[in-house]
Amino acid sequence: MIDVIDLNKVFDNGFEALKSVNFTIEKGDLVCLLGPSGCGKSTILNLIAGLLSPTGGDIQFKGDSVIKTEPKDRNIGFVFQNYALYPHMTVLENIMFPLTVGKKKISKNEAKEIALEYMKLTNIEDLGQKKPGTLSGGQQQRVAITRALVQKPEVLLLDEPLSNLDARLRLKIREEIRRLVKEVGITTIFVTHDQEEALSISDKIILLNEGVIQQNDDPQNLYLEPNNLFVAQFIGNPIINILPVEVKDGKIIHESWNVSTDRFEVNRFKSALADGHYFFGIRPEDVIPVEETESLFASEIKGVELIGRERILNFALANENVKSIVSVENVIEENEHRHFDFAYHKAFIFKENGERIY
């Protein structure tokens, strides 16, 4: 188990990368640190690895602080974004190397036996005599992961390990990573800025922004129950529709909705909202084409994107771009004038500061 307690990091230039970060990772879990560039996720990884020292707070493995423990003594496997393979060594020699150095070094014969065992696990046993420079990106990634696993670390750290691979290979390798770490039973922390990657691979996601945890939760909950406006906008593809609205005299109003038919009652929601300005959030799949008699609003379709089994409809409400996802069988074309309504029970209401209130 890993406990991160009130972790703070201020760099020499005064930049505060982490602001009182707290989380716990259970043994055997695969947890993703997710967020935009500069949010602090790689800083956390480097602090856990011992490559950086915190300004404040603590990091504990199984209840014991590792803050003053040297990186080599933390029993961690680290897979870097650039793989960091030794170009003059064969694949087998790269994988054997960490077993033959340091205080816990073993004989070359024993190291070779262990290396071959893990190479079989990662399906690279036929690459043993090749040099890294002759391998594809996916093969190099497997070698780097295998080299980390042979050390039988308590914790495996992966820093954007798939960013250099093409889309199809990323999909394949991330499935392999999850299978491997679950098969070995190793606690894994995976840094990525790719929400699809995080949602597909992880047991838990820790979503950060500007050095602060925005939500630490099951992947599904980040989508269905976002803590705030940032989470709602970061998770989801296509991005959630966000409309500025005003609550007045018991009605929610957007400037594109006319007085007679296009305002809807606040009492559609569980609790009353005070008069004022808010953000109304609705996922594209919950913007539903309807007949004119059921319409909340109408708009001309500006664009249609085909994505496999679905169509993404693009249109405008006043000055806001809005998207709706419909089945590919629902044949709606550009320039059509269509009526829409919302699945209100799936909508979100946020204060102007981003706090979610519904």
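A: First a term: two residues are in contact when they have heavy atoms within 4.5 Å of each other. Also, this is a predicted model.

Q: OK, which residues in α4 meet α5?
A: Gly138, Gln141, Arg142 and Ile145 in α4 do. In α5 they meet Leu169, Lys172, Ile173, Glu176, Ile177 and Leu180.

Q: What classes are the residues in that contact?
A: The contact of α4 with α5 has 5 nonpolar, 2 polar and 3 charged residues.

Q: And at what angle do α4 and α5 pack?
A: The angle is about 20°, and the axes are 11 Å apart. Angles under 35 degrees count as roughly parallel, so α4 and α5 are roughly parallel to each other.

Q: Left-handed or right-handed crossing?
A: The crossing of α4 and α5 is right-handed.

Q: What is the lining made of, by class?
A: In the largest pocket, 18 lining residues are nonpolar, 4 are polar and 7 are charged.

Q: What about the second largest pocket, what volume does it have?
A: Its volume is about 240 Å³. The lining has 13 residues, and Leu224, Glu225, His345, Lys346 and Phe348 lie nearest the centre. By class, that lining has 5 nonpolar, 1 polar and 7 charged residues.

Definitions and conventions
Residues are numbered from 1 along each chain as its sequence is written. This is a predicted model: local features need pLDDT of at least 70, side-chain atom pairs count only at pLDDT 80 or more; totals for chains, interfaces and linings use all residues. Side-chain values use heavy atoms; hydrogens and water are left out. Ala, Val, Leu, Ile, Met, Phe, Trp, Tyr, Cys and Pro count as nonpolar, Asp, Glu, Lys and Arg as charged, and the others, Gly among them, as polar. On a 1 Å grid over the protein atoms alone, a cavity is a set of points where a 1.4 Å probe fits but cannot get out, and a pocket is an open set with protein on both sides within 12 Å along at least five of seven lines; lining residues have an atom within 4 Å of a point. Grid points are joined across faces, edges and corners, and a volume is the space filled by probe spheres set on the points. Axes are lines fitted to C-alpha atoms, for helices over the stretch in contact, and angles run from 0 to 180 degrees between N-to-C directions. Helices (H or I, at least four residues) and strands (E, at least two) are DSSP runs, numbered from the N terminus. Angles under 35 degrees count as roughly parallel, over 145 as roughly antiparallel, 65 to 115 as roughly perpendicular and the rest as oblique. A crossing is left-handed if the near helix is turned anticlockwise from the far one by less than a right angle, and right-handed if clockwise.
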